[in-house]
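Please work through each task before reading its solution.

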Amino acid sequence: MVVLLATVLWVYQDASAQARRGTPVFFSVGSVEVSKPATWALGCLCAWIVFTPLYLTCRRVKG
């Protein structure tokens with residue numbers, strides 16, 4: 001549980017920092033779009049095994 005909460009907190013803080021720099025972490029498929037820090041954190045909280053690797057992958061994609 002500690003690892004889950006620590007990961008969610010890190011994702012939120014990192015996504016917020018990326019957004020402030022003008023490079024938000026973005027993912028979309030069909031009509032589903034994830035780009036806000038709170039959405040990333042909620043996704044990690046609810047579906048950690050899917051959203052954490054997805055966040056890390058999207059974070060590394062530039063351009």
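Of the 63 residues of the chain, 29% count as buried, where buried means under 20% relative accessible area, exposed over 50% and partly exposed in between (1.4 Å probe, protein chains only). The model is predicted: local features need pLDDT of at least 70, side-chain atom pairs count only at pLDDT 80 or more, and totals for chains, interfaces and linings use all residues. Residues are numbered from 1 along each chain as its sequence is written, and side-chain values use heavy atoms, leaving out hydrogens and water.

**Exercise 1.** Determine which residues form the largest nonpolar core.

*Solution.* Step 1: a nonpolar core is a set of buried Ala, Val, Leu, Ile, Met, Phe, Trp, Tyr and Cys residues joined through side-chain atoms within 4.5 Å.

**Exercise 2.** Classify Thr7 as buried or exposed, and find its contacts.

*Solution.* Step 1: Thr7 lies in helix α1. Step 2: its relative accessible area is 15%, so Thr7 is buried. Step 3: beyond residues up to four places away in sequence, Thr7 touches Trp48 and Thr52, contact meaning heavy atoms within 4.5 Å.

**Exercise 3.** Classify Leu45 by its accessible area.

*Solution.* Step 1: Leu45 is found in helix α2. Step 2: with a relative accessible area of 41%, Leu45 is partly exposed.

Methods
Helix = DSSP H or I, 4+ residues; strand = E, 2+ residues; numbered from the N terminus.
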